Amino acid sequence: MTAPQPIEWQLLGRAESMIDAAIVARSDPEEAKLQLLEAVSARLGGAKAEWLYELSGVARPLSVDRSTIERLVRELDGLPMPPALALSALARPSLDLAEKRKTGAYYTDFRLAKYLVDGVSHDHGPIKSVLDPACGTGILLAACAVYMPERLGIRPSELLAEGICGSDLSPRALRGARLALCALTRDRAVVEQIGAKLRCQDSLRSGASFWRDTFESGFDLIVANPPWEKLKISRHEALREKGIDRHYGETYDQPAFEVKPLRSSLRRYIGHLEDSFELQGSGEHDLYKLFCELAIRLLAPGGQLGLLLPAGLIRSQGTRRLREHIVGNCARVNFTVMENRARFFAIDTRFKFLALHAATLNGHAAQPVQLSWTKANDHVVERTSTVTLPRSTLRSVRPDLSLPEVRSVAEWKLFVALCRSGIPFGDRSACWRPQFMREVDMTRDSEHFARTRAPDSMPLIEGRMVHQFRFAAKRYVSGTGRRALWEPEATDDVTRLGPQFYFPRSLLPRTAAERVGQWRVGFCDITGQTNERTLLASRIPANVVCGNKVPTILFQDAPDQRNWGDCWLGIVNSFVFDWIVRRVVTTTVNYFLLLDLPMPPVDPHSPQGNAIAAMVNRIYESGASGWKLAELRAELEARVLEAYGQPCRALALILDDFPLLDRGAPPLPGESRSTVTRDLVLLRAMQHLRQGSKSERTALERRVEMAREAGAIPFIPSHFAEQ
């Protein structure tokens with residue numbers, strides 16, 4: 001997928017072209033660019049360019065055309081962002097993809113900078129000192145200097161001279177930060193003080209002690225968009241860094257690249273950090289987690305945080321200690337969930353991230369945690385809603401303090417109700433007792449994969465093949481890795497199975513060999529909150545083996561594995577359970593997440609559990625398709641809703657979260673898209689539970705009949721509808 005072009009690039013395109021034209025013949029274009037921007041900064045702020053050149057160590061400045069400076073000033077004055085922020089963006093060093101991946105450097109959009117600064121509270125004491133410990137070219141610091149003084153009742157030069165601090169590993173980036181900030185002052189002393197408080201260092205290694213000469217008790221405000229990368233070196237990334245172009249998932253045709261020295265150096269660096277940081281939790285070392293803990297430690301009593309971070313902070317098992325510390329030690333905590341649909345970064349538009357605003361206790365009462373949502377246009381980010389989550393309630397339904405992504409009070413109440421009425425799937429006192437297994441590793445075991453079947457080998461089921469109640473919904477055509485081509489398969493007939501690989505049974509460990517010889521259930525663990533459906537689970541027959549993206553489950557002590565498994569499939573493939581999953585998942589349905597989710601308080605051998613299992617068995621064994629299959633699935637949805645003890649109005653709210661349903665179905669006259677699945681499921685739930693008014697049921701009956709006459713069929717996945 002091609003990364004989107006950020007809006008910022010479009011807005012600055014004319015200015016970039018002017019700069020390129022002015023430096024085209026220079027022997028050192030990057031140096032020429034910075035000197036030109038320093039001249040523009042001086043012109044905007046009223047200072048002298050020579051002052052900035054002197055701080056930059058420029059002995060013999062290049063000649064800069066005054067008309068170019070004036071044209072650039074006029075261009076920046078006409079942008080929907082303050083000129084200081086535009087200068088920061090223009091001063092950014094050019095990084096290729098490998099450098100961005102290595103450093104985690106995805107620069108901050110001007111709209112996000114304003115949103116982050118605007119969210120700082122002024123009810124927790126004065127803000128006289130600000131630090132960005134990974135400041136880059138200083139757009140967040142410039143935003144503080146532009147937007148905060150009016151709210152604080154002080155002059156911008158006062159904050160610039162006394163309070164703005166930043167650090168970064170790149171001297172060139174710091175030079176950009178300095179010229180951006182200097183565009184706000186004409187005072188030479190202030191220019192020099194700005195230079196003194198922008199320091200080149202590794203903030204993680206230097207820690208809090210590095211700034212004690214300036215603000216011994218800590219900073220009133222820490223703002224940052226720290227690197228988002230993991231501290232690890234993979235063979236794939238090492239090859240890309242060496243200039244070898246390859247797609248993730250492709251086989252390694254090139255000679256192996258020796259990464260041991262790089263990994264040894266990284267281990268030493270991580271070892272140093274592990275001695276200094278205490279809130280990193282389990283899993284791989286993430287730079288954003290380290291910077292988040294550093295920011296907490298750099299705060300003065302009563303200080304505040306304004307950070308841009310990956311959404312893993314509110315979801316990941318590895319960020320639990322950070323979450324607990326923030327919630328336990330801050331009076332005010334607000335997480336704003338954002339998506340890249342407004343093209344903030346040159347990454348997938350579906351990527352989610354957070355703005356964290358928090359203020360430490362320091363005598364203030366702890367307020368409920370707030371979860372906010374926004375919308376954005378080309379000029380600004382605006383908060384659209386905020387859901388208040390009482391801390392005691394949050395802890396009762398999410399003991400690890402991971403936040404469910406609820407957009408309204410109604411969604412929060414429904415989530416709480418489902419958690420309180422249900423029983424966690426991993427509760428050892430309950431009936432399920434799941435036993436997970438990843439049968440074959442798609443990386444470690446790949447040397448044993450074969451394209452053709454041998455007498456001793458079995459078909460290998462990959463994640464992309466699994467759909468709801470289907471273990472072979474796609475057939476392999478050609479290609480490798482993410483470039484592999486697959487096509488929809490109409491049947492799960494094992495004799496027509498079209499896998500990409502086969503795996504020798506004799507090479508399986510004993511426990512895996514025993515497992516693949518029997519019936520079990522499995523699910524695709526790669527997913528997304530905004531997919532058509534998020535949880536995809538199916539029966540897995542004997543004599544096929546599953547890759548690591550399709551974990552399989554058996555149920556310990558279950559008197560009837562098939563009844564247990566069918567009951568589980570009926571529940572987890574339902575809209576109710578899928579809605580719960582979508583509140584807490586990122587891109588992977590891992591064991592920790594699944595074990596923590598509430599199942600309805602139903603024993604698989606109870607009448608209710610048997611009814612659900614029987615419905616699933618009919619889906620598999622009846623050979624039903626089209627509307628007959630849709631009716632079975634709609635009745636199953638009604639029974640699962642009943643098992644959770646929820647009314648039909650809750651189902652209506654749940655179904656609102658699945659806008660991609662029925663994309664291939666013909667809509668009713670005058671409507672833009674089909675709602676045939678929603679209409680049928682709601683109708684059958686109302687009939688089964690005897691809820692809803694007669695007029696509501698009659699209207700739904702009419703809609704379902706009209707959709708059927710138009711040729712729409714409920715529950716048809718998009719990959720079939722597109723054929």
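Tutor: We take aromatic pairs and then cavities. This is a predicted model, where local features need pLDDT of at least 70, side-chain atom pairs count only at pLDDT 80 or more, and totals for chains, interfaces and linings use all residues. Residues are numbered from 1 along each chain as its sequence is written, and side-chain values use heavy atoms, with hydrogens and water left out.

Student: How many aromatic pairs does the structure hold?
Tutor: Rings of Phe, Tyr and Trp (its six-membered ring) pair if their centres lie within 6.5 Å; planes under 30 degrees apart are stacked, over 60 edge-to-face, the rest tilted. The structure's total is 22.

Student: Why is the pair of W211 and F219 edge-to-face?
Tutor: The ring centres of W211 and F219 are 5.9 Å apart. The pair is edge-to-face because the planes stand at 80 degrees.

Student: Are Y476 and W486 buried or exposed?
Tutor: Buried means under 20% relative accessible area, exposed over 50%, partly exposed in between (1.4 Å probe, protein chains only). By that rule, Y476 and W486 are both buried.

Student: What volume has the largest cavity?
Tutor: On a 1 Å grid over the protein atoms alone, a cavity is a set of points where a 1.4 Å probe fits but cannot get out; lining residues have an atom within 4 Å of a point. Grid points are joined across faces, edges and corners, and a volume is the space filled by probe spheres set on the points. R533 and F575 are among the lining residues of the largest cavity. Its volume is about 100 Å³.

Key. On a 1 Å grid over the protein atoms alone, a cavity is a set of points where a 1.4 Å probe fits but cannot get out, and a pocket is an open set with protein on both sides within 12 Å along at least five of seven lines; lining residues have an atom within 4 Å of a point.
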